[in-house]
Amino acid sequence: MKNIIALSFAILSLLMVGTTANGQSSDHAVLFNMTGRNQETDDSQLYSARHMLEIAGIPFIETDQFNEVINGALILFSSPVIDQSFSAEELATLTNWVNDGGVIISPACKKESFSSLFGYGTYIQAKNRYTLIWIDTPLPEFEYFDEPEEKAISLGRSTYSSVIKSYGYTLSDGLSIAVFDSGETAVIKKKTGSGITYLFGVEWRDVIQRGQLNRDFEAQRIYSNGFEPSADVFPLFLRSVWKTINPVMVWKFTIPRGYTTALIPTHDVDARTSYDTMWHMSAYEKSMNFSCHYFMTTRYFKDDYLSASYNSKSVLNIKNVMADGHTIGNHSVGHFPDMDNDDNFPIGEPGLDTSTYKPFYDSSLEKTLNGSTYGEIEVSKNLLTNDLGTPVISFRSGHLLTNESMNTVLEATGHLYNSSFPACDVLTAFPYFEREGYTWSGTLGNVLEIPMMLSDVFSADPISQTNYPEKVAIWKEVVRCQANNYAPNVILIHPTRKWKTDAEKMLIDNLNLSSCGILNFEDYGRFWRQRFDFNFNQTYNPIDSILIISSTSGALTNDSLVCLMIEKPQRVKEIKLTDENQQLYTFTIIPHSDTSELLYINGSTLYTGIEKVAEYDKLFIWPNPASDFIQIRLPEHYGSQSVITIHDLSGRIILSKIVPSGTESFRLELSNIHPGLYQISVSGSRYFAKATLIKLR
Ligand SMILES: [Zn+2]
């Protein structure tokens, strides 16, 4: 019954909005760019709203044209509603649109004429609210909010007398779904006709970009080795709302290769002991077939702070780590303790080398002399690139100390990845592109920050050879929380002692490796670059149950790492994957959970789409992907003897086998089948089911 209501609601809203000329509905959200209307001086509101949509992964278009906003199923306002944001006529249009089934999500509203649309009476703007607490009711919008750190999020540390701007509302006919620590309403949900509005008492820039710029009034409740999703709850809320208004929902998944979460091991090699002992960790990881990432400090000199660690012998050691299948990043030249001091580390000049860059830490002055950001980043990168014969494109600063010129230099020197910010500190586990100068209006660059989530640095009670099992338990708990948000875990372990390998192994032994992938740092970064570049539309027709997923970002290629999550796939009879020119592409569907499937883009082969059978006709096979054999389970009532058939994608029969009646499950050998993608089907007199099989090497 619930489904029927949801479906009819969706049909209704689709008929009202977004119906295209051929009668099919195009389901996308609209980001309404209000920057110009509000005369904003930077794009921080717009960027933050766009980033929420990107992390949510739902299809959207962006426009500043009012007549385009009501062509979608949901409107996200980029900016607070102020006097000049909308005319009275536009308010009337929006009100009618919501009545007819539209959904609006808005940050702060200061325009009195909108109070009826949003269901509030009055508001008080203040800067001394520190926590936002969702009401304790299981709403569908709270699908992801299962941990205490998500049920109450931080807006700034209470030791600050003033934190971000917030708006506490009194209600008229709206429903309070979140309150501030002050007790005032923080988020209002209001049903109007067949539509819904959501009004937030915060501005997007303050809950998204502020954390990324590390100007968040120390909102993090823990610095590292903890779960701090205070920025991530906003895109997760958005994704949940999108799910409630769509009969079938497609979104860009956040972890590659079908995993639910990922552990991304990184190792900072910043001392001579690490250069000498890192082989131990490297060998363990190789034995497990993991490709991990090692950040190297290139200290070619000694000073009062550290001895020299980089020489021809350490280069050989790095090459051995590379031979084990790992990748190498840049961990600065000097690993200085005052790298975050912009006076001691001005941007400096490009083009230095080991003979011209001569920084020195003076312990009597407690500062580094002759240091520069260019020196630290560029000299180290060039040294590693030349010595190793492979371009080094990722960076992590020593002690995770960052300064205002770091991003400018990373951009200028061709770095593509940075991992210098703790995820808790920036309030997000998900990657984002860094801003030049880490300022509101700095240019959005090409360096992808992949924040660090876990590390072997515990400030209060340091990790040791005896207590590391307790620390592993903390790591494991964070991984569990991140997995529920499909979020990654970049972990930093210094390979200084052999028992650190034991700690890493203990963590990995305690993870379910079928749902938690052990992924390479740069591979994960490449996945996100492709994900940011990939845009799509979804069109679902509830009459014929055909789901069309159309890329709007050019041709699809067979090296695409992007995967799409399809929720409520049992309502889909057939899926078509196309580009903008309606060219069809092949794909693979792998079940992810009882209520979701993952779609992988196979490539540019011309193909007419895979017909997908309904849920109850799905053949249960495992393992999948498989290399040597699969097990097939047949339904209880399949009746007579049946025939099992494996087809390749061109329809050619590869294998056909009779299964006697009464068989419940059986094993099928795959050793004679080439690696690739196949359709496997079982047919009996009253039964037909099929599945897609991936045969590995
Ligand atoms: Zn370090």
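A: **Helix α9 and other parts of the chain**

Helix α9 is mostly covered, since 10 of its 13 residues are buried. The model is predicted: local features need pLDDT of at least 70 and side-chain atom pairs count only at pLDDT 80 or more, while totals for chains, interfaces and linings use all residues. Residues are numbered from 1 along each chain as its sequence is written. Helices (H or I, at least four residues) and strands (E, at least two) are DSSP runs, numbered from the N terminus. A residue is buried if 20 or more other C-beta atoms, placed from the backbone, lie within 10 Å of its own, exposed if 12 or fewer, and partly exposed in between.

The buried residues of α9 are V233, F234, P235, L236, F237, L238, R239, V241, W242 and I245.

Which residues make the contact between α9 and helix α2? The axes of α2 (residues 44-56) and α9 come within 8 Å and cross at roughly 65°. From α2 the contact takes M52, L53, I55 and A56, and from α9 it takes F234, P235, L238, R239 and W242. By class, this contact of α2 with α9 has 8 nonpolar, no polar and 1 charged residues. Axes are lines fitted to C-alpha atoms over the stretch in contact, with angles from 0 to 180 degrees between N-to-C directions. Two residues are in contact if their C-beta atoms, placed from the backbone, lie within 7 Å. Ala, Val, Leu, Ile, Met, Phe, Trp, Tyr, Cys and Pro count as nonpolar, Asp, Glu, Lys and Arg as charged, and the others, Gly among them, as polar. An α-helix has 3.6 residues a turn, so residues three or four places apart point the same way.

The loop between α8 (209-212) and α9 (233-245) holds E218. Phi of E218 is near 50°, a positive value in a residue other than glycine. E218 counts as partly exposed because 16 other C-beta atoms lie within 10 Å. Another positive phi, of about 60°, belongs to N370, which is not a glycine. N370 is placed in the loop between β17 (367-369) and α12 (373-388). Is N370 buried or exposed? N370 is exposed, because it has 11 C-beta neighbours inside 10 Å.

Strand β10 (residues 185-192) is another mostly covered element, with 6 of its 8 residues buried. Strand β9 (residues 175-180) pairs with β10 in the antiparallel sense over 4 bridges; two strands pair if DSSP finds at least two bridges between them. S176 has I188 of β10 as its bridge partner. The hairpin of β9 and β10 has 4 residues between the strands, and G183 there takes a positive phi near 95°. On to the next strand, β10 and β11 (residues 195-200) pair in the antiparallel sense over 6 bridges. The bridge partner of K191 in β11 is I196. The hairpin of β10 and β11 has 2 residues between the strands, and G193 in the turn has a positive phi of about 60°.

Leaving aside neighbours within four places in sequence, G119 is in contact with L171, S172, D173, G174, I188 and K190. G119 is found in the loop between α5 (115-118) and β5 (120-126). G119 is buried because 21 other C-beta atoms lie within 10 Å.

Strand β33 (residues 642-648) pairs with β34 in the antiparallel sense over 6 bridges, and I658 of β34 is the bridge partner of V643.

An open sheet of 3 strands has the order β31-β32-β35, with antiparallel pairing. Its edge strands, β31 (620-622) and β35 (665-669), each pair on one side only. Strand β32 (residues 629-633) is joined to β35 by 5 bridges, and F629 stands opposite E669 in β35. In the loop between β31 and β32 lies P623, and the peptide bond from W622 to P623 is cis, with omega near -10°. P625 is found in the loop between β31 and β32 as well, and a cis peptide bond with omega of about 5° joins N624 and P625.
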